[in-house]
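Thank you for making time this morning.

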Amino acid sequence: MLGLMTFNTLFFMFMYIILKFCYGEQVTLETSIYMILAVCTWIPALYFFSEKHYNHQESPANSRNNNEPCVIAFYDEHDVWHFCSALGLFFNLMLLLTLDDNFKEIPRGQIKDFRQGTGELRICCKTSKAV
C-alpha cells in the first residue's frame, strides 16, 4: 500500500511538472533546488527500503542474527531509510508548495490551465454571467 501511494503521488507530481515544461511555464530557483534535493534523498531511501535483512518467520531472537552492521555511527540501514524517506517527503512537500510560486503576481483570471485531451490551453477561473 505504501508503494502504491508513493508511486501515485510521484506519478501525478511528475506529470504536472512535465506539463508545465511542455506548455512553456517556468519554475522558480527555489522549486528547482527542492526538486534536486527530493531526488537526491529519494534514491538512497528507495535503495535502503529495498534491502531486507529480516525474516518474519523466525523468532525475534533468531531474526536478530540477520541484522547488518551499522551504516552511520549506530544507525542501521532501516534507520537510514527512515531519515532519507522523511527528508524526501519534506522536499516533495516543499516542491509542491513552491511549484506555482511564479504565478503570485499574475491575476487569477489570466492563469492558463491545461486540460487533458483537448490539446489546447484554456483560461481557468472564468467568470460566467448568471442568466
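Leu97 counts as exposed, at 55% relative accessibility, where exposed means over 50% relative accessible area, buried under 20% and partly exposed in between, with a 1.4 Å probe and protein chains only. This leucine is found in helix α4, and helices here are DSSP runs of H or I with at least four residues, strands being runs of E with at least two, numbered from the N terminus. Its C-alpha atom is 8.6 Å from that of Thr31, although Leu97 and Thr31 are 66 residues apart in sequence.

Before I go on, two words about where these values come from. This is a predicted model, in which local features need pLDDT of at least 70 and side-chain atom pairs count only at pLDDT 80 or more, while totals for chains, interfaces and linings use all residues. Residues are numbered from 1 along each chain as its sequence is written, and side-chain values use heavy atoms, with hydrogens and water left out.

Now the overall layout. The chain has four helices and two strands, and read from the N terminus the elements run α-α-α-α-β-β. Of its 131 residues, 24% count as buried. If we take contacts, meaning heavy atoms within 4.5 Å, between residues at least 6 apart in sequence, 65% of them join residues at least 24 apart.

Which residues have the most contacts inside the largest nonpolar core? They are Met13, Ile17, Tyr34, Ala45, Leu95 and Leu99, in a core of 17 residues; by a nonpolar core I mean a set of buried Ala, Val, Leu, Ile, Met, Phe, Trp, Tyr and Cys residues joined through side-chain atoms within 4.5 Å. Helices α1 (2-22), α2 (29-50) and α4 (77-98) each supply at least two residues of this core. Ile17, once its neighbours within four places in sequence are set aside, is in contact with Met35, Leu95 and Leu99.

Let me turn to the helix pairs, starting with α2 and α4. Their axes, which are lines fitted to C-alpha atoms over the stretch in contact, with angles running from 0 to 180 degrees between N-to-C directions, come within 7 Å and cross at roughly 155 degrees. That makes α2 roughly antiparallel to α4, since angles over 145 degrees count as roughly antiparallel, those under 35 as roughly parallel, 65 to 115 as roughly perpendicular and the rest as oblique. The crossing of α2 past α4 is left-handed, a term for the near helix being turned anticlockwise from the far one by less than a right angle, clockwise being right-handed. By class, this contact of α2 with α4 has 17 nonpolar, six polar and two charged residues, counting Ala, Val, Leu, Ile, Met, Phe, Trp, Tyr, Cys and Pro as nonpolar, Asp, Glu, Lys and Arg as charged, and the others, Gly among them, as polar.

Glu30 lies in helix α2 and is partly exposed, with a relative accessible area of 39%. Not counting residues up to four places away in sequence, Glu30 touches Thr98 and Asp101, and its C-alpha atom is separated by 9.2 Å from that of Met94, 64 residues apart along the chain.

The other pair is α1 with α4, which pack at an angle of about 35 degrees with their axes 12 Å apart. From α1 the contact is made by Leu2, Leu10, Met13 and Ile17, and from α4 by Trp81, Asn92, Leu95 and Leu96; these residues divide into seven nonpolar, one polar and no charged.
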